[in-house]
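Hi,

Here is the structure I promised to pass on to you. Please have a look at it first, and then read my notes below.

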Amino acid sequence: MGADEIIYAPIPKPPPLRRIHSDALYEQDSDARRSLEYHRTRTTEEIVESLRPGADESLKVKPDGRIFQGNTRIKVLEERGYPVNDLPRDPIP
Amino acid sequence: MNTNDAARDTALKLYGPTVQYADGKVVPGQPVDVEHVLTQFEHLDADARSAFLCIIAHDLTVAIRSVVFDAPVTDAGVDRVKWINESLHRLTSCINPHKRWSAHDEAMLIRGIIKNSFEHGFDGWIGRALAVAAGNTIGANSVVKAK
């Protein structure tokens with residue numbers, strides 16, 4: 001490698017999303033279950049739009065991939081096989 | 001320095017949400033034109049102002065999650081949660097339709113919350129919330145500070 005050779009480091013990709021609400025929560029908490037049932041009635045496009053940055057309840061994610069907003073909607077997208085890790089996120093501290 | 005002065009002094013330092021894409025690209029949040037947003041806020045009708053304030057309140061619940069989910073919570077974290085909770089206490093009071101505040105008083109409340117956010121370390125959350133609330137009620141093009 002020459003002294004003037006420039007090495008371009010790849011931009012690190014964000015870690016995979018991880019829901020902080022377990023599947024068990026939706027069995028134990030009737031409000032969580034109602035929310036899940038509601039989001040299951042929505043189209044994939046509607047859910048993706050609701051998660052976009054700038055939306056009033058956008059996908060908010062910690063640096064380690066934990067989801068702090070959007071857990072139930074991500075769960076529904078996962079059930080449908082949607083590539084959730086491709087979604088843009090609002091990184092939070 | 002009164003609350004108005006403090007909010008004006010800090011207006012340039014509030015930023016909207018950052019966006020991180022799947023390929024790793026990060027687009028930093030843009031500065032929020034607080035004076036413009038609050039002026040436009042006062043022209044909104046009561047329902048739109050409620051929506052604005054609810055968006056801020058909802059974001060602040062996520063801010064609390066962000067502090068308390070990682071134990072142990074530091075003393076600074078506890079202090080931050082106290083002040084975020086105080087902001088929520090005031091926001092949820094003024095949204096009550098049975099004792100609704102004037103548009104001007106609600107704008108003053110937001111100024112006070114901005115001031116407190118800088119003093120207690122949750123200005124990043126308020127900038128993000130203010131930008132999103134304005135974008136969803138006033139209009140996306142009017143939020144960021146003109147260059």
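A definition before the findings: Ala, Val, Leu, Ile, Met, Phe, Trp, Tyr, Cys and Pro count as nonpolar, Asp, Glu, Lys and Arg as charged, and the others, Gly among them, as polar. By that scheme the lining of the largest cavity has five nonpolar residues, no polar and no charged ones.

Some conventions. This is a predicted model, in which local features need pLDDT of at least 70 and side-chain atom pairs count only at pLDDT 80 or more, while totals for chains, interfaces and linings use all residues. Residues are numbered from 1 along each chain as its sequence is written, chains are lettered from A and ligands numbered from 1 in the order in which they are written, and side-chain values use heavy atoms, with hydrogens and water left out.

On a 1 Å grid over the protein atoms alone, a cavity is a set of points where a 1.4 Å probe fits but cannot get out, whereas a pocket is an open set with protein on both sides within 12 Å along at least five of seven lines; lining residues have an atom within 4 Å of a point. Grid points are joined across faces, edges and corners, and a volume is the space filled by probe spheres set on the points.

The structure holds one cavity of 30 Å³ or more. The largest cavity has about 30 Å³ of space, and its lining consists of Ile56(B), Leu91(B), Ile110(B), Ile113(B) and Ile126(B).

The second largest pocket has a volume of about 260 Å³. Of its 16 lining residues, Glu57(A), Gln69(A), Gly70(A), Arg73(A) and His58(B) lie nearest the centre. Two or more residues of the lining come from each of helix H2 (30-40), strand S3 (66-69) and helix H4 (71-79) of chain A, and from helix H3 (46-68) of chain B. (Helices, H or I with at least four residues, and strands, E with at least two, are DSSP runs numbered from the N terminus.) H3(B) gives the largest share, four residues. The lining divides into two nonpolar, 10 polar and four charged residues.

Next, the sheet. Chain A has an open sheet of four strands in the order S1-S3-S2-S4, with mixed pairing; two strands pair if DSSP finds at least two bridges between them. The edge strands, each pairing on one side only, are S1 (18-19) and S4 (90-91) of chain A. S2 (residues 60-61) of chain A pairs with S4(A) in the parallel sense over two bridges, and Val61(A) has Pro91(A) as its bridge partner there. H3(B) packs on this sheet and touches S2 and S3 of chain A, its direction making about 145° with that of S3(A). Contact means heavy atoms within 4.5 Å; axes are lines fitted to C-alpha atoms, for helices over the stretch in contact, and angles run from 0 to 180 degrees between N-to-C directions.

S2(A) and S3(A) are antiparallel, with two bridges, and Lys60(A) has Gln69(A) as its bridge partner in S3(A). Their hairpin has four residues between the strands, and Gly65(A) takes a positive phi near 100° in it.

Between the chains, 26 residues of chain A are in contact with 21 residues of chain B.

Finally, the peptide bond from Ala71(B) to Pro72(B) is cis, with omega near -5°. Pro72(B) sits in the loop between H3 and helix H4 (75-95) of chain B.

Best wishes
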